[in-house]
Amino acid sequence: REWETKDMDHKMLLEGFTSNLDRDQEKWDAQTKVFLVQALKYRLDPMASNIASYGLVGDLVKQNLVYLSIEMNRLKSAFRESFSQALDRGRRRGPKR
């Protein structure tokens, strides 16, 4: 039962993270969003990653290496901001008033 709760928490966190990226002022392109979501999935549970995830991230990095290296600081701040907002929303699980 503990792993089911953990999976649900991770799923809710990923959904919040993704919606925060969509609302972000930066308006990230689809490839960058996928890269950031895959990075979060890996940070949450490294053992859950599979070869398809590694291949996807590898292809994204290979295709966008220059862009990712130039935008690394903005990507880091977007990751941190979206993650912290998703965490804050996850803590407020009471009924809406």
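About 340 Å³ of space lies in the largest pocket. This is a predicted model, in which local features need pLDDT of at least 70 and side-chain atom pairs count only at pLDDT 80 or more, while totals for chains, interfaces and linings use all residues. Residues are numbered from 1 along each chain as its sequence is written, and side-chain values use heavy atoms, with hydrogens and water left out.

**Exercise 1. Find the residues closest to the centre of the largest pocket, and the helix with the largest share of its lining.**

Step 1. Start with the term: on a 1 Å grid over the protein atoms alone, a pocket is an open set of points with protein on both sides within 12 Å along at least five of seven lines, whereas a cavity is a set where a 1.4 Å probe fits but cannot get out; lining residues have an atom within 4 Å of a point. Grid points are joined across faces, edges and corners, and a volume is the space filled by probe spheres set on the points.

Step 2. The pocket of about 340 Å³ is lined by 16 residues, and the closest to its centre are Gln-38, Lys-41, Tyr-42, Asp-45 and Ser-49.

Step 3. Helix 1 (2–23), helix 2 and helix 3 each supply at least two lining residues. Helix 2 gives the largest share, six residues. Helices here are DSSP runs (H or I, at least four residues), numbered from the N terminus, and strands are runs of E with at least two residues; the protein has five helices and zero strands.

**Exercise 2. Describe the surroundings of Tyr-42 on the surface.**

Step 1. Together with Ile-51 and Tyr-54, Tyr-42 forms a nonpolar patch with about 370 Å² of accessible area. Patch residues have over 30% relative accessible area and no salt bridge; nonpolar side chains (Val, Leu, Ile, Met, Phe, Trp, Tyr) are joined within 5 Å, like charges within 9 Å. Areas come from the Shrake-Rupley method with a 1.4 Å probe, and for residues only the protein chains shown count as cover.

**Exercise 3. Locate the salt bridges and say how exposed their partners are.**

Step 1. Apply the rule: a side-chain nitrogen of Lys or Arg within 4 Å of a carboxyl oxygen of Asp or Glu. The count comes to two.

Step 2. In one, Lys-33 pairs with Asp-22, their closest N and O atoms being 2.7 Å apart. Lys-33 lies in helix 2 and Asp-22 in helix 1, so the pair ties together parts that are 11 residues apart in sequence. Lys-33 is partly exposed at 23%, and Asp-22 is partly exposed at 38%.

Step 3. Glu-71 and Arg-74 also meet in a salt bridge, at 2.4 Å from N to O. Glu-71 is buried at 14%, while Arg-74 is partly exposed at 35%.

**Exercise 4. Is His-10 buried or exposed, and which residues does it touch?**

Step 1. His-10 is part of helix 1. Its relative accessibility is 17%, so His-10 counts as buried.

Step 2. Leaving aside neighbours within four places in sequence, His-10 is in contact (heavy atoms within 4.5 Å) with Leu-44 and Asp-45.

Key: Buried < 20%, exposed > 50% of the residue type's maximum accessible area, 1.4 Å probe, protein only.
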